[in-house]
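These are my notebook entries on one structure, written down in the order in which I looked things up.

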Amino acid sequence: MRDLLTALLELQELEIVLEESQIVHGDATAQVAVALTARIGRLRAGVSTQDLRRFDALRRSGPAVVRERGGTCGGCHLNVTRGDLNRMRRCEVDWVCPNCGRYLFLSEPRPSAVE
Ligand SMILES: [Zn+2]
């Protein structure tokens, strides 16, 4: 009997530990974390080392990628010249804000804005 109760007591404690673990961490959260980590890994595998280095350096001080809207950088809120934007859209230069150096996600140009 003692052996049985010892086993049951241990089982009970383990179940409590498991429940507390699920409350604190959450099985679903763990699965999401694993899935996200895998996805991030795949994405990073498709980016050059140079860009990753830049990206990681930018991320340490805020967003690494910002949107351009109406010729304004979403990171530093300074205007990017039409010439710079056109060079970026023609992929003659990297899509990087000349002011703050963040990756600049360019908006779709209005037809009148393209020369
Ligand atoms: Zn900027």
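Which residues does Y103 touch, not counting residues up to four places away in sequence? I find that Y103 touches A64, V65, W95 and V96, where contact requires C-beta atoms, placed from the backbone, within 7 Å of each other.

Before going on, I note that this is a predicted model, in which local features need pLDDT of at least 70 and side-chain atom pairs count only at pLDDT 80 or more, while totals for chains, interfaces and linings use all residues. Residues are numbered from 1 along each chain as its sequence is written.

**Entry: Y103 and its strand.** I placed Y103 in strand 3, which spans 103-105. Y103 is partly exposed, because 18 other C-beta atoms lie within 10 Å; by the cut-offs I use, 20 or more such atoms make a residue buried, 12 or fewer make it exposed, and anything in between is partly exposed, with C-beta atoms placed from the backbone. I also looked up Y103 and L58, which are 45 residues apart in sequence and 8.9 Å apart in space, C-alpha to C-alpha.

**Entry: the chain as a whole.** I read four helices and three strands in the protein chain, taking both as DSSP runs numbered from the N terminus (helices H or I, at least four residues; strands E, at least two). Along the sequence the pattern is α-α-α-β-β-α-β. Of the 115 residues, 7% count as buried, and among contacts between residues at least 6 apart in sequence, 41% join residues at least 24 apart.

**Entry: the core.** I then listed the largest nonpolar core, whose six residues are V66, C73, V80, L85, C97 and L104; such a core is a set of buried Ala, Val, Leu, Ile, Met, Phe, Trp, Tyr and Cys residues joined through C-beta atoms within 7 Å. Leaving out residues up to four places away in sequence, L104 touches V66, E68, C73, M88, W95, V96 and C97.

**Entry: G71.** I located G71 in the loop between strand 1 (65-69) and strand 2, and it counts as partly exposed because it has 14 C-beta neighbours inside 10 Å. Beyond its neighbours within four places in sequence, G71 is in contact with N79, V80, R82 and L85. G71 and D84, 13 residues apart in sequence, are 9.6 Å apart in space, C-alpha to C-alpha.

**Entry: positive phi.** Most residues other than glycine have a negative phi, and I looked up two residues with that in mind. H77 is not a glycine, yet has a positive phi of about 60 degrees; H77 lies in the loop between strand 2 (72-73) and helix 4 (82-89), and counts as exposed because it has 11 C-beta neighbours inside 10 Å. C91 likewise has a positive phi, near 60 degrees. I placed C91 in the loop between helix 4 and strand 3, and with 8 C-beta neighbours inside 10 Å, C91 counts as exposed.

Technical notes
Two residues are in contact if their C-beta atoms, placed from the backbone, lie within 7 Å.
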